Amino acid sequence: MLATIKSLGVKGIGGYAVTVESFVSNGLFNFDIVGLPDAAVKEARERVRAAIKCNGFKFPVSRVTVNLAPADTKKAGTVYDLPIMLGILAATGTIKQPSADCAFFGELALTGEVRPVNGALPMALCAAREGIKHLFVPADNAEEAAYAEGVSVYPVKNVPELIAHLRGEYEIKPLPQGEISKSDISYPDFSDVKGQENVKRAMEIAAAGGHNILLVGPPGAGKSMMSKRLPGILPDMTREEMLKCTEIYSVAGLTGKSNPIIAQRPFRAPHHTVSPAAMSGGGAMPRPGEISLAHNGVLFLDEFPEFRKDVLEVLRQPLEDGEVTVSRVAGSATYPSDFMLVCAMNPCKCGWYGHPSGRCRCTANEVRNYHNRISGPLLDRIDIIVEAPALEYEELKNRAPAESSAEIKKRVDAARKAQQERFKNTDINSNANMDTKALNRYCMLTPECEALMHQAFDRMGLTARSYDRILRVARTIADLEGSESIEATHIAEAIQYRTYDFRENKS
(Lines give C-alpha, C1' and ligand atoms only; values in the text may rest on other atoms or scores of the structure.)
Protein backbone atom coordinates (compact mmCIF):
# COMPACT_ATOMS: atom_id res chain seq x y z
CA MET A 1 0.00 0.00 0.00
CA LEU A 2 1.23 3.48 -0.89
CA ALA A 3 0.90 6.68 1.17
CA THR A 4 2.06 10.20 0.32
CA ILE A 5 2.90 12.79 2.98
CA LYS A 6 3.94 16.36 2.23
CA SER A 7 7.01 17.76 3.93
CA LEU A 8 9.65 20.43 3.38
CA GLY A 9 13.41 20.86 3.27
CA VAL A 10 16.01 23.63 3.29
CA LYS A 11 18.49 24.53 0.57
CA GLY A 12 20.67 27.56 1.24
CA ILE A 13 18.36 29.70 3.34
CA GLY A 14 15.25 28.90 1.31
CA GLY A 15 12.73 26.12 1.81
CA TYR A 16 11.55 23.70 -0.85
CA ALA A 17 8.72 21.16 -1.04
CA VAL A 18 9.45 17.49 -0.41
CA THR A 19 7.05 14.61 -0.98
CA VAL A 20 7.55 11.57 1.28
CA GLU A 21 6.26 8.46 -0.51
CA SER A 22 5.95 5.34 1.65
CA PHE A 23 5.32 1.93 0.10
CA VAL A 24 4.68 -1.19 2.19
CA SER A 25 4.64 -4.51 0.29
CA ASN A 26 4.93 -8.21 0.95
CA GLY A 27 8.36 -9.76 1.23
CA LEU A 28 11.22 -10.22 3.64
CA PHE A 29 11.63 -7.42 6.15
CA ASN A 30 13.59 -4.51 4.76
CA PHE A 31 13.46 -0.76 5.36
CA ASP A 32 15.00 1.45 2.66
CA ILE A 33 15.07 5.25 2.35
CA VAL A 34 15.94 6.57 -1.11
CA GLY A 35 16.14 10.04 -2.65
CA LEU A 36 19.76 11.06 -1.94
CA PRO A 37 19.53 10.86 1.88
CA ASP A 38 22.55 11.73 4.04
CA ALA A 39 23.57 9.70 7.09
CA ALA A 40 21.15 11.53 9.42
CA VAL A 41 18.22 10.79 7.08
CA LYS A 42 19.20 7.13 6.75
CA GLU A 43 19.33 6.81 10.53
CA ALA A 44 15.67 7.87 10.63
CA ARG A 45 14.89 4.18 10.08
CA GLU A 46 15.85 3.34 13.65
CA ARG A 47 14.26 6.44 15.20
CA VAL A 48 10.99 5.89 13.34
CA ARG A 49 10.78 2.18 14.14
CA ALA A 50 11.46 2.77 17.84
CA ALA A 51 8.98 5.68 18.05
CA ILE A 52 6.21 3.61 16.42
CA LYS A 53 6.72 0.62 18.73
CA CYS A 54 7.18 2.68 21.91
CA ASN A 55 3.81 4.33 21.37
CA GLY A 56 1.84 1.13 20.97
CA PHE A 57 1.58 0.96 17.18
CA LYS A 58 2.57 -1.98 15.02
CA PHE A 59 5.57 -1.66 12.74
CA PRO A 60 5.09 -3.69 9.52
CA VAL A 61 7.22 -6.83 9.29
CA SER A 62 7.50 -6.56 5.50
CA ARG A 63 9.30 -4.60 2.82
CA VAL A 64 9.15 -0.83 3.44
CA THR A 65 10.41 1.67 0.87
CA VAL A 66 10.42 5.41 1.48
CA ASN A 67 11.19 7.81 -1.37
CA LEU A 68 11.99 11.49 -0.73
CA ALA A 69 11.06 13.44 -3.85
CA PRO A 70 12.54 15.25 -5.70
CA ALA A 71 14.95 12.33 -5.72
CA ASP A 72 17.80 14.29 -7.36
CA THR A 73 18.16 16.78 -4.47
CA LYS A 74 20.38 15.98 -1.50
CA LYS A 75 18.36 15.52 1.71
CA ALA A 76 20.00 16.30 5.02
CA GLY A 77 19.15 16.40 8.70
CA THR A 78 16.46 14.90 10.89
CA VAL A 79 13.59 16.97 9.53
CA TYR A 80 11.93 14.00 7.74
CA ASP A 81 11.47 11.70 10.76
CA LEU A 82 7.89 12.79 11.43
CA PRO A 83 6.55 12.55 7.84
CA ILE A 84 8.29 9.18 7.33
CA MET A 85 6.56 7.80 10.42
CA LEU A 86 3.17 9.13 9.31
CA GLY A 87 3.67 7.68 5.83
CA ILE A 88 4.31 4.20 7.23
CA LEU A 89 1.29 4.40 9.55
CA ALA A 90 -0.91 5.60 6.67
CA ALA A 91 0.41 2.91 4.31
CA THR A 92 -0.45 0.20 6.85
CA GLY A 93 -3.95 1.62 7.47
CA THR A 94 -3.25 2.64 11.08
CA ILE A 95 -4.33 6.22 10.25
CA LYS A 96 -5.99 7.88 7.30
CA GLN A 97 -3.71 9.66 4.88
CA PRO A 98 -3.64 13.39 5.78
CA SER A 99 -5.16 15.80 3.27
CA ALA A 100 -3.05 17.40 0.55
CA ASP A 101 -3.07 20.80 2.28
CA CYS A 102 -1.19 19.43 5.33
CA ALA A 103 2.57 19.22 5.74
CA PHE A 104 4.80 17.88 8.51
CA PHE A 105 8.39 18.10 9.67
CA GLY A 106 10.28 17.30 12.86
CA GLU A 107 12.79 15.01 14.52
CA LEU A 108 11.62 12.00 16.55
CA ALA A 109 13.00 10.82 19.85
CA LEU A 110 12.86 7.07 20.48
CA THR A 111 10.03 7.75 22.94
CA GLY A 112 7.91 9.53 20.33
CA GLU A 113 8.69 13.05 21.53
CA VAL A 114 8.97 15.53 18.64
CA ARG A 115 12.21 17.52 18.79
CA PRO A 116 13.01 20.86 17.08
CA VAL A 117 14.98 21.17 13.85
CA ASN A 118 16.84 23.96 12.07
CA GLY A 119 15.22 26.04 9.33
CA ALA A 120 11.66 26.18 10.65
CA LEU A 121 10.90 29.67 9.30
CA PRO A 122 12.23 29.07 5.76
CA MET A 123 10.19 25.88 5.56
CA ALA A 124 7.07 27.62 6.89
CA LEU A 125 7.44 30.41 4.31
CA CYS A 126 7.83 27.78 1.60
CA ALA A 127 4.71 25.99 2.86
CA ALA A 128 2.73 29.20 2.44
CA ARG A 129 4.04 29.60 -1.13
CA GLU A 130 3.16 25.97 -1.94
CA GLY A 131 -0.45 26.41 -0.83
CA ILE A 132 -0.12 24.40 2.40
CA LYS A 133 -2.86 25.44 4.84
CA HIS A 134 -1.96 23.30 7.88
CA LEU A 135 1.65 22.90 8.98
CA PHE A 136 2.53 20.54 11.86
CA VAL A 137 5.88 21.35 13.46
CA PRO A 138 7.76 20.56 16.71
CA ALA A 139 6.38 22.59 19.60
CA ASP A 140 9.71 24.34 20.13
CA ASN A 141 9.73 25.48 16.47
CA ALA A 142 6.10 26.57 16.37
CA GLU A 143 6.53 30.17 17.54
CA GLU A 144 9.21 30.78 14.91
CA ALA A 145 7.19 29.15 12.12
CA ALA A 146 4.10 31.16 13.10
CA TYR A 147 5.68 34.35 11.70
CA ALA A 148 4.95 33.02 8.20
CA GLU A 149 1.75 34.47 6.76
CA GLY A 150 -0.94 32.35 5.12
CA VAL A 151 -0.39 29.04 6.93
CA SER A 152 -1.79 27.66 10.21
CA VAL A 153 0.99 26.32 12.42
CA TYR A 154 0.23 23.45 14.84
CA PRO A 155 2.71 22.77 17.67
CA VAL A 156 3.30 19.01 18.08
CA LYS A 157 4.78 17.73 21.35
CA ASN A 158 4.70 13.98 20.76
CA VAL A 159 3.43 11.22 18.47
CA PRO A 160 0.31 10.15 20.48
CA GLU A 161 -0.94 13.74 20.51
CA LEU A 162 -0.53 14.09 16.74
CA ILE A 163 -2.16 10.72 15.97
CA ALA A 164 -5.11 11.61 18.22
CA HIS A 165 -5.50 14.91 16.37
CA LEU A 166 -5.43 13.23 12.95
CA ARG A 167 -8.05 10.71 14.13
CA GLY A 168 -10.29 13.49 15.44
CA GLU A 169 -9.96 12.34 19.06
CA TYR A 170 -8.04 15.43 20.22
CA GLU A 171 -7.53 18.94 18.86
CA ILE A 172 -4.16 20.64 18.58
CA LYS A 173 -4.91 24.35 18.41
CA PRO A 174 -2.89 26.38 15.89
CA LEU A 175 -0.80 29.26 17.13
CA PRO A 176 -1.87 32.81 16.25
CA GLN A 177 0.36 34.52 13.70
CA GLY A 178 3.51 35.87 15.32
CA GLU A 179 3.55 39.54 16.23
CA ILE A 180 6.91 41.28 16.26
CA SER A 181 7.34 43.46 19.34
CA LYS A 182 10.07 46.10 19.35
CA SER A 183 9.62 47.09 22.98
CA ASP A 184 12.36 44.76 24.21
CA ILE A 185 14.99 45.95 21.71
CA SER A 186 17.82 47.89 23.35
CA TYR A 187 21.33 48.90 22.32
CA PRO A 188 24.27 50.51 24.13
CA ASP A 189 23.93 54.31 23.98
CA PHE A 190 26.27 56.90 22.46
CA SER A 191 25.65 59.11 25.49
CA ASP A 192 28.22 56.92 27.30
CA VAL A 193 30.98 57.98 24.91
CA LYS A 194 33.26 60.81 26.06
CA GLY A 195 34.65 63.14 23.39
CA GLN A 196 35.46 61.71 19.94
CA GLU A 197 33.03 64.08 18.21
CA ASN A 198 34.77 63.60 14.85
CA VAL A 199 34.32 59.82 15.08
CA LYS A 200 30.67 60.17 16.12
CA ARG A 201 30.08 62.39 13.10
CA ALA A 202 31.72 59.83 10.80
CA MET A 203 29.64 57.01 12.28
CA GLU A 204 26.47 59.05 11.87
CA ILE A 205 27.29 59.51 8.18
CA ALA A 206 28.09 55.80 7.84
CA ALA A 207 24.76 54.84 9.45
CA ALA A 208 22.80 57.34 7.35
CA GLY A 209 24.13 55.97 4.06
CA GLY A 210 25.06 52.37 4.92
CA HIS A 211 28.77 53.08 4.33
CA ASN A 212 31.72 50.94 5.39
CA ILE A 213 33.99 52.61 7.95
CA LEU A 214 37.49 52.10 9.39
CA LEU A 215 38.52 53.56 12.77
CA VAL A 216 42.23 54.04 13.40
CA GLY A 217 43.55 54.93 16.85
CA PRO A 218 45.57 53.88 19.89
CA PRO A 219 44.32 51.41 22.51
CA GLY A 220 41.63 52.83 24.80
CA ALA A 221 40.43 55.47 22.36
CA GLY A 222 36.93 53.94 22.32
CA LYS A 223 36.93 52.33 18.87
CA SER A 224 35.24 49.09 19.96
CA MET A 225 32.92 50.94 22.35
CA MET A 226 31.58 53.20 19.59
CA SER A 227 31.32 50.38 17.07
CA LYS A 228 29.08 48.38 19.40
CA ARG A 229 26.76 51.40 19.60
CA LEU A 230 26.41 51.77 15.83
CA PRO A 231 23.42 49.37 15.44
CA GLY A 232 21.49 51.61 17.87
CA ILE A 233 21.46 54.51 15.40
CA LEU A 234 20.60 52.44 12.34
CA PRO A 235 16.97 52.56 11.11
CA ASP A 236 14.54 50.07 12.65
CA MET A 237 14.32 46.79 10.81
CA THR A 238 11.31 46.23 8.59
CA ARG A 239 9.29 43.01 8.91
CA GLU A 240 10.85 41.75 5.66
CA GLU A 241 14.36 42.35 7.00
CA MET A 242 13.52 40.60 10.28
CA LEU A 243 12.18 37.54 8.45
CA LYS A 244 15.21 37.37 6.15
CA CYS A 245 17.62 37.59 9.10
CA THR A 246 15.61 34.98 10.99
CA GLU A 247 15.78 32.63 8.00
CA ILE A 248 19.58 32.87 8.04
CA TYR A 249 19.85 32.38 11.80
CA SER A 250 17.33 29.52 11.71
CA VAL A 251 19.32 27.60 9.10
CA ALA A 252 22.45 28.18 11.19
CA GLY A 253 20.68 26.78 14.27
CA LEU A 254 20.81 30.09 16.17
CA THR A 255 17.09 30.51 16.81
CA GLY A 256 15.01 28.69 19.39
CA LYS A 257 12.07 28.87 21.73
CA SER A 258 13.59 31.79 23.64
CA ASN A 259 14.53 33.80 20.51
CA PRO A 260 12.16 32.80 17.66
CA ILE A 261 12.65 36.02 15.66
CA ILE A 262 15.64 38.29 14.98
CA ALA A 263 14.11 41.70 15.67
CA GLN A 264 17.22 43.85 16.10
CA ARG A 265 20.10 44.65 13.81
CA PRO A 266 22.72 41.88 13.92
CA PHE A 267 26.13 42.79 15.29
CA ARG A 268 28.73 40.15 14.52
CA ALA A 269 32.27 40.50 15.88
CA PRO A 270 34.30 37.39 14.92
CA HIS A 271 37.73 36.91 16.50
CA HIS A 272 40.75 37.51 14.28
CA THR A 273 41.55 33.77 14.34
CA VAL A 274 38.40 33.04 12.28
CA SER A 275 38.87 30.86 9.18
CA PRO A 276 37.82 31.79 5.62
CA ALA A 277 35.05 29.15 5.71
CA ALA A 278 33.68 30.50 8.98
CA MET A 279 33.70 34.01 7.54
CA SER A 280 32.13 33.27 4.15
CA GLY A 281 30.17 30.10 4.97
CA GLY A 282 30.80 26.48 4.15
CA GLY A 283 31.35 23.11 5.74
CA ALA A 284 30.54 19.64 4.46
CA MET A 285 26.99 20.89 4.02
CA PRO A 286 27.08 24.63 3.21
CA ARG A 287 26.07 26.83 6.15
CA PRO A 288 25.92 30.64 6.50
CA GLY A 289 29.12 32.33 7.63
CA GLU A 290 29.73 35.51 9.61
CA ILE A 291 29.15 37.80 6.64
CA SER A 292 25.68 36.31 6.15
CA LEU A 293 24.87 36.33 9.86
CA ALA A 294 25.64 40.08 9.71
CA HIS A 295 23.09 40.60 6.89
CA ASN A 296 21.08 43.82 7.43
CA GLY A 297 23.41 44.65 10.31
CA VAL A 298 27.04 45.26 11.22
CA LEU A 299 30.14 43.10 10.75
CA PHE A 300 32.76 44.42 13.18
CA LEU A 301 36.39 43.41 12.67
CA ASP A 302 38.49 44.51 15.64
CA GLU A 303 42.29 44.42 15.28
CA PHE A 304 41.76 44.58 11.51
CA PRO A 305 45.37 43.83 10.38
CA GLU A 306 45.54 40.78 12.67
CA PHE A 307 43.05 38.88 10.48
CA ARG A 308 44.59 36.43 8.04
CA LYS A 309 45.00 37.79 4.54
CA ASP A 310 42.87 35.04 2.95
CA VAL A 311 40.06 35.84 5.43
CA LEU A 312 40.09 39.55 4.57
CA GLU A 313 40.16 38.90 0.82
CA VAL A 314 36.99 36.81 1.21
CA LEU A 315 35.16 40.07 1.95
CA ARG A 316 35.91 41.77 -1.35
CA GLN A 317 33.25 40.19 -3.58
CA PRO A 318 30.40 40.19 -0.99
CA LEU A 319 31.04 43.88 -0.27
CA GLU A 320 30.34 44.61 -3.93
CA ASP A 321 27.53 42.13 -4.65
CA GLY A 322 25.70 41.84 -1.32
CA GLU A 323 25.70 38.04 -1.53
CA VAL A 324 28.11 35.13 -1.41
CA THR A 325 27.97 31.77 -3.18
CA VAL A 326 29.49 28.79 -1.39
CA SER A 327 30.28 25.66 -3.40
CA ARG A 328 31.07 22.32 -1.79
CA VAL A 329 30.93 18.65 -2.83
CA ALA A 330 27.48 18.36 -1.24
CA GLY A 331 26.19 21.29 -3.33
CA SER A 332 26.28 25.05 -3.61
CA ALA A 333 24.26 27.72 -1.87
CA THR A 334 23.91 31.48 -2.21
CA TYR A 335 23.51 33.48 0.98
CA PRO A 336 22.66 37.18 1.32
CA SER A 337 25.46 39.30 2.83
CA ASP A 338 24.40 42.94 2.67
CA PHE A 339 26.14 44.31 5.76
CA MET A 340 27.96 47.38 7.01
CA LEU A 341 31.66 46.66 7.46
CA VAL A 342 33.06 48.39 10.54
CA CYS A 343 36.76 47.92 11.23
CA ALA A 344 39.07 49.09 14.00
CA MET A 345 42.84 49.03 14.09
CA ASN A 346 45.84 50.47 15.90
CA PRO A 347 48.24 52.73 13.98
CA CYS A 348 51.07 50.22 14.57
CA LYS A 349 51.80 46.85 16.16
CA CYS A 350 52.29 48.30 19.64
CA GLY A 351 49.41 50.72 19.15
CA TRP A 352 51.14 54.01 20.02
CA TYR A 353 52.58 55.23 16.72
CA GLY A 354 52.27 59.03 16.57
CA HIS A 355 51.17 59.36 20.22
CA PRO A 356 52.48 62.54 21.93
CA SER A 357 53.94 60.45 24.76
CA GLY A 358 56.50 59.03 22.35
CA ARG A 359 56.13 55.53 23.81
CA CYS A 360 56.07 53.85 20.35
CA ARG A 361 59.32 52.05 19.52
CA CYS A 362 58.22 50.57 16.18
CA THR A 363 60.55 51.17 13.24
CA ALA A 364 59.31 52.63 9.98
CA ASN A 365 59.54 49.20 8.32
CA GLU A 366 57.54 47.57 11.12
CA VAL A 367 54.81 50.19 10.78
CA ARG A 368 54.79 49.77 7.00
CA ASN A 369 54.60 45.97 7.23
CA TYR A 370 51.78 46.20 9.76
CA HIS A 371 49.65 48.31 7.44
CA ASN A 372 50.57 46.29 4.37
CA ARG A 373 48.58 43.39 5.84
CA ILE A 374 45.51 45.19 4.50
CA SER A 375 45.38 45.12 0.71
CA GLY A 376 44.74 48.20 -1.38
CA PRO A 377 41.65 46.72 -3.09
CA LEU A 378 40.05 46.04 0.30
CA LEU A 379 40.84 49.55 1.61
CA ASP A 380 39.37 50.90 -1.61
CA ARG A 381 36.03 49.35 -0.64
CA ILE A 382 35.91 51.24 2.66
CA ASP A 383 34.08 54.54 2.25
CA ILE A 384 35.16 56.33 5.44
CA ILE A 385 38.51 56.21 7.26
CA VAL A 386 38.63 58.27 10.44
CA GLU A 387 41.17 58.75 13.22
CA ALA A 388 40.11 58.11 16.81
CA PRO A 389 42.74 59.99 18.85
CA ALA A 390 43.61 59.24 22.47
CA LEU A 391 41.34 61.11 24.89
CA GLU A 392 42.62 64.02 26.94
CA TYR A 393 42.10 64.12 30.71
CA GLU A 394 39.70 67.08 30.43
CA GLU A 395 37.44 65.01 28.16
CA LEU A 396 37.44 62.03 30.50
CA LYS A 397 36.59 64.00 33.64
CA ASN A 398 33.70 65.79 31.91
CA ARG A 399 30.44 64.53 33.43
CA ALA A 400 28.11 66.39 31.09
CA PRO A 401 25.90 63.92 29.17
CA ALA A 402 26.86 63.46 25.54
CA GLU A 403 24.34 63.33 22.70
CA SER A 404 22.22 60.20 22.95
CA SER A 405 21.74 57.53 20.30
CA ALA A 406 18.06 58.52 20.05
CA GLU A 407 18.98 62.06 18.94
CA ILE A 408 21.49 60.82 16.39
CA LYS A 409 19.01 58.22 15.14
CA LYS A 410 16.44 60.93 14.37
CA ARG A 411 18.82 62.51 11.87
CA VAL A 412 19.79 59.13 10.44
CA ASP A 413 16.12 58.17 10.01
CA ALA A 414 15.40 61.46 8.22
CA ALA A 415 18.30 60.87 5.82
CA ARG A 416 17.21 57.27 5.16
CA LYS A 417 13.64 58.43 4.53
CA ALA A 418 14.92 60.80 1.85
CA GLN A 419 16.81 57.89 0.27
CA GLN A 420 13.72 55.69 0.32
CA GLU A 421 11.82 58.35 -1.60
CA ARG A 422 14.70 58.82 -4.01
CA PHE A 423 15.13 55.11 -4.76
CA LYS A 424 11.45 54.16 -4.72
CA ASN A 425 10.62 51.26 -7.08
CA THR A 426 14.31 50.29 -7.45
CA ASP A 427 16.52 47.64 -5.86
CA ILE A 428 18.68 50.32 -4.20
CA ASN A 429 18.07 50.70 -0.46
CA SER A 430 20.77 53.21 0.55
CA ASN A 431 23.30 55.64 -0.90
CA ALA A 432 26.10 53.12 -0.40
CA ASN A 433 24.41 50.79 -2.92
CA MET A 434 23.98 53.33 -5.73
CA ASP A 435 25.03 51.99 -9.11
CA THR A 436 26.55 54.03 -11.93
CA LYS A 437 23.18 55.04 -13.34
CA ALA A 438 21.99 56.32 -9.95
CA LEU A 439 25.28 58.15 -9.36
CA ASN A 440 24.95 59.98 -12.66
CA ARG A 441 21.38 60.94 -11.84
CA TYR A 442 21.54 61.87 -8.15
CA CYS A 443 25.15 63.05 -7.72
CA MET A 444 25.39 65.87 -10.23
CA LEU A 445 28.23 68.25 -9.34
CA THR A 446 28.46 72.01 -9.71
CA PRO A 447 31.56 73.49 -11.43
CA GLU A 448 32.98 74.30 -7.98
CA CYS A 449 32.49 70.69 -6.85
CA GLU A 450 33.98 69.41 -10.11
CA ALA A 451 37.12 71.50 -9.57
CA LEU A 452 37.45 70.21 -6.00
CA MET A 453 37.06 66.60 -7.10
CA HIS A 454 39.52 67.08 -9.96
CA GLN A 455 42.12 68.42 -7.59
CA ALA A 456 41.59 65.60 -5.10
CA PHE A 457 41.71 62.96 -7.84
CA ASP A 458 45.06 64.19 -9.14
CA ARG A 459 46.74 64.86 -5.79
CA MET A 460 45.54 61.73 -3.96
CA GLY A 461 45.82 59.28 -6.85
CA LEU A 462 42.21 58.11 -6.44
CA THR A 463 40.79 55.13 -8.32
CA ALA A 464 37.47 55.09 -10.14
CA ARG A 465 36.01 53.15 -7.20
CA SER A 466 37.29 55.79 -4.75
CA TYR A 467 35.76 58.54 -6.88
CA ASP A 468 32.37 56.83 -6.79
CA ARG A 469 32.57 56.26 -3.05
CA ILE A 470 33.35 59.92 -2.38
CA LEU A 471 30.23 60.83 -4.37
CA ARG A 472 28.11 58.40 -2.36
CA VAL A 473 29.39 59.76 0.97
CA ALA A 474 28.86 63.35 -0.22
CA ARG A 475 25.28 62.45 -1.18
CA THR A 476 24.72 61.11 2.35
CA ILE A 477 26.18 64.25 3.95
CA ALA A 478 23.82 66.34 1.82
CA ASP A 479 20.88 64.17 2.91
CA LEU A 480 21.78 64.69 6.58
CA GLU A 481 21.60 68.45 5.98
CA GLY A 482 18.38 68.16 4.00
CA SER A 483 20.01 69.47 0.82
CA GLU A 484 18.69 68.47 -2.59
CA SER A 485 22.03 69.12 -4.29
CA ILE A 486 25.61 68.25 -3.38
CA GLU A 487 27.57 71.35 -2.33
CA ALA A 488 31.32 71.97 -2.17
CA THR A 489 31.30 71.58 1.63
CA HIS A 490 29.78 68.12 1.26
CA ILE A 491 32.44 67.07 -1.24
CA ALA A 492 35.20 68.49 0.98
CA GLU A 493 34.03 66.55 4.01
CA ALA A 494 33.69 63.33 1.97
CA ILE A 495 37.24 63.76 0.62
CA GLN A 496 38.49 64.32 4.17
CA TYR A 497 37.39 60.79 5.07
CA ARG A 498 39.79 59.38 2.46
CA THR A 499 42.83 61.54 3.20
CA TYR A 500 43.99 59.92 6.43
CA ASP A 501 47.43 58.42 5.80
CA PHE A 502 48.41 56.22 8.73
CA ARG A 503 51.78 55.47 7.10
CA GLU A 504 52.80 59.08 7.49
CA ASN A 505 55.42 59.77 10.16
CA LYS A 506 53.64 61.56 12.99
CA SER A 507 56.43 61.66 15.52
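Phe-457 is partly exposed because its relative accessibility is 33%. Here buried means under 20% relative accessible area, exposed means over 50%, and partly exposed lies in between (1.4 Å probe, protein chains only). Tyr-467 is likewise partly exposed, at 27%.

This is a predicted model: local features need pLDDT of at least 70, side-chain atom pairs count only at pLDDT 80 or more, and totals for chains, interfaces and linings use all residues. Residues are numbered from 1 along each chain as its sequence is written, and side-chain values use heavy atoms, with hydrogens and water left out.

## Aromatic pairs

The count is 7 aromatic pairs. Rings of Phe, Tyr and Trp (its six-membered ring) pair if their centres lie within 6.5 Å; planes under 30 degrees apart are stacked, over 60 edge-to-face, and the rest tilted. Phe-457 and Tyr-467 make an edge-to-face pair, with 6.4 Å between centres and 80 degrees between planes. The pair links distant parts of the chain, 10 residues apart: Phe-457 sits in helix α19 (residues 447-460), Tyr-467 in helix α20 (residues 464-480). Helices (H or I, at least four residues) and strands (E, at least two) are DSSP runs, numbered from the N terminus.

Elsewhere, Phe-29, Phe-31 and Phe-59 form one aromatic cluster.

## Arg-422 over two rings

The charged end of Arg-422 sits over the ring of Phe-423, 5.6 Å from its centre. Arg-422 also lies over the face of Tyr-442, at 5.9 Å from the ring centre. The rule asks for NZ of Lys or CZ of Arg within 6 Å of the ring centre and within 35 degrees of the ring normal.

## A three-stranded sheet

An open sheet of 3 strands runs in the order β5-β8-β9, with parallel pairing. Its edge strands, β5 (102-104) and β9 (152-156), each pair on one side only. Twist averages 25 degrees from one strand to the next. Axes are lines fitted to C-alpha atoms, for helices over the stretch in contact; angles run from 0 to 180 degrees between N-to-C directions.

β5 pairs with β8 (residues 134-138) over 3 bridges, in the parallel sense. Pairing requires at least two DSSP bridges between the strands. Phe-104 has Phe-136 in β8 as its bridge partner. Helix α6 (residues 159-166) packs on the sheet and touches β5, β8 and β9; its direction makes about 135 degrees with that of β9.

## Ser-227

Ser-227 lies in helix α8 (residues 223-229). Ser-227 counts as buried because its relative accessible area is 0%. Leaving aside neighbours within four places in sequence, Ser-227 contacts Met-203, Leu-215, Phe-267, Phe-300 and Val-342. Contact means heavy atoms within 4.5 Å.
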